[in-house]
Amino acid sequence: MSLENVREYLKKYGKDQDIILFDQSSATVKEAAADLGTEEGRIAKTMSFLLASGPIVIVAAGDEKIDNRKFKDTFHEKAKMIGHDDVEALTGHPVGGVCPFALKEGVKVYLDESLRRFDYVYPAAGTPNSAIKLTIEELEKTSECDGWIDVTKLPDQNQ
């Protein structure tokens, strides 16, 4: 159902036929990069968090991780990822397929600055074996994001 919802959602942007489906899982950054023959940074991973105000998703470069200090400075709360068993109920997408499209009502979308170093990226499209290639401008438009934030760091960066 999630894939159909994403396809329907992307129709208004003329992108519904651009979804790429894989025969195997692309649920992790490593799997998606291998399936697409691209670097891990271009995989636009969508992470789901629960704030006091409700669920949010943050789309970031696949080679980055959440910087807890930056997250707290931005949202004034500790980063609390949505539990595996609650992801689909709160976002509308299964684990591995969470994307910034066709989310449940009230879920806010934020794009992380780490994406800006790429001309195009590959977010998931609602299932653990799908993706879509979008320019940063297309991602910004189609995600209907609530804004750009800076809450990540490369794994080898110190706090």
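Lysine 12 is exposed, at 56% relative accessible area (exposed means over 50%, buried under 20%, partly exposed in between, with a 1.4 Å probe and protein chains only). The model is predicted: local features need pLDDT of at least 70 and side-chain atom pairs pLDDT 80 or more, while totals for chains, interfaces and linings use all residues. Residues are numbered from 1 along each chain as its sequence is written, and side-chain values use heavy atoms, without hydrogens and water.

The side chain of lysine 12 forms a salt bridge with that of glutamate 144, at 3.1 Å from N to O (a salt bridge is a side-chain nitrogen of Lys or Arg within 4 Å of a carboxyl oxygen of Asp or Glu). This pair connects distant parts of the chain, 132 residues apart: lysine 12 is in the loop between α1 and β1 (19-21), and glutamate 144 is in the loop between α5 (136-143) and β9 (148-149). Helices (H or I, at least four residues) and strands (E, at least two) are DSSP runs, numbered from the N terminus. Glutamate 144 is partly exposed, with a relative accessibility of 42%.

## Other salt bridges

The count of salt bridges comes to 11. Glutamate 138 and lysine 15 meet in one of them, at 2.9 Å from N to O. Glutamate 138 belongs to helix α5 and lysine 15 to the loop between α1 and β1, so this pair ties together parts 123 residues apart in sequence. Glutamate 138 is partly exposed at 24% relative accessible area, whereas lysine 15 counts as buried at 15% relative accessibility. A network of salt bridges links Lys15, Asp18 and Glu138.

Lysine 11 pairs with glutamate 8, their closest N and O atoms being 3.4 Å apart. Both residues lie in helix α1 (residues 2-11), 3 residues apart, about one turn of the helix. Lysine 11 is partly exposed, with 46% relative accessibility.

## Helix α5

The buried residues Ile136, Leu139, Thr142 and Ser143 lie in α5. Viewed down the helix axis, the buried residues of α5 fall within an arc of 135°, so they line one face (the arc is that of the directions from the helix axis to the C-beta atoms). Glu137 and Lys141 are exposed on the face of α5 turned away from the buried side.

## Cysteines

The whole structure has 0 disulfides (a disulfide is a pair of cysteine sulfur atoms within 2.5 Å). For cysteine 99, the nearest cysteine sulfur is that of cysteine 145, 14 Å away, which is too far for a bond. Cysteine 99 is buried, at 0% relative accessibility.

## The largest pocket

The largest pocket has a volume of about 400 Å³. On a 1 Å grid over the protein atoms alone, a pocket is an open set of points where a 1.4 Å probe fits, with protein on both sides within 12 Å along at least five of seven lines; lining residues have an atom within 4 Å of a point. Points are joined across faces, edges and corners, and the volume is the space filled by probe spheres set on them.

The lining of the largest pocket comprises 24 residues, of which Ala27, Lys45, Thr46, Gly96 and Val98 lie nearest the centre. At least two lining residues come from each of α2 (29-36), β2 (43-51), β6 (120-123) and β7 (130-132). β2 gives the largest share, 6 residues. By class, the lining has 15 nonpolar, 8 polar and 1 charged residues (Ala, Val, Leu, Ile, Met, Phe, Trp, Tyr, Cys and Pro count as nonpolar, Asp, Glu, Lys and Arg as charged, and the others, Gly among them, as polar).
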